[in-house]
Amino acid sequence: MDWRIATALALILWGVYTIPGTKAGEIHGEKVSLVFETVAFALISILVMWGSIGAFQKVTRGSFINASLMGLMSAAGLYFLLMALRRSPANMP
């Protein structure tokens, strides 16, 4: 896939993401939404990695630490994004 198409798809998805993200956050909160997104992310990761399990043999201690930090920062960023969507003045009645 061309990088421009992939970028456009990501921007479209992130733009549309605010609609169900805001509604879900209003109903059950951003913490529950984060669990749903984590499960979805895990499922997509499994589908992407399917057939490439051998790539895990390349993991070193350093790459494990860096990837773990990246995952924690990504999850924290997503949590703050969900919190911001829910508390945004644009979402106030």
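1. Serine 33 has contacts with Ala24, Gly25, His28 and Leu82, leaving aside neighbours within four places in sequence; contact means heavy atoms within 4.5 Å. Serine 33 lies in helix α2, residues 30-49. Helices are DSSP runs of H or I with at least four residues, numbered from the N terminus. With a relative accessible area of 6%, serine 33 is buried (buried is under 20%, exposed over 50%, partly exposed in between, with a 1.4 Å probe and protein chains only).

2. The model is predicted, so local features need pLDDT of at least 70 and side-chain atom pairs count only at pLDDT 80 or more, while totals for chains, interfaces and linings use all residues. Residues are numbered from 1 along each chain as its sequence is written, and side-chain values use heavy atoms, with hydrogens and water left out.

3. How do α1 and α2 cross? Helix α1 (residues 3-28) and α2 have axes that come within 7 Å and cross at roughly 130°. Axes are lines fitted to C-alpha atoms, for helices over the stretch in contact, and angles run from 0 to 180 degrees between N-to-C directions. The two helices are therefore oblique to each other; angles under 35 degrees count as roughly parallel, over 145 as roughly antiparallel, 65 to 115 as roughly perpendicular and the rest as oblique. On the α1 side the contact is made by Tyr17, Ala24, Gly25 and His28, and on the α2 side by Glu30, Val32, Ser33 and Glu37. By class these are three nonpolar, three polar and two charged residues (Ala, Val, Leu, Ile, Met, Phe, Trp, Tyr, Cys and Pro count as nonpolar, Asp, Glu, Lys and Arg as charged, and the others, Gly among them, as polar).

4. The axes of α1 and helix α3 (residues 61-87) come within 9 Å and cross at roughly 80°, and α1 and α3 are therefore roughly perpendicular to each other. From α1, Tyr17, Thr18, Thr22, Gly25 and Glu26 take part in the contact; from α3, Leu78, Leu81, Leu82, Leu85 and Arg86 do. This contact divides into five nonpolar, three polar and two charged residues.

5. The count of salt bridges is one, where a side-chain nitrogen of Lys or Arg must be within 4 Å of a carboxyl oxygen of Asp or Glu. Arginine 4 and aspartate 2 form it, at 3.0 Å from N to O. Aspartate 2 is partly exposed, with a relative accessible area of 30%.
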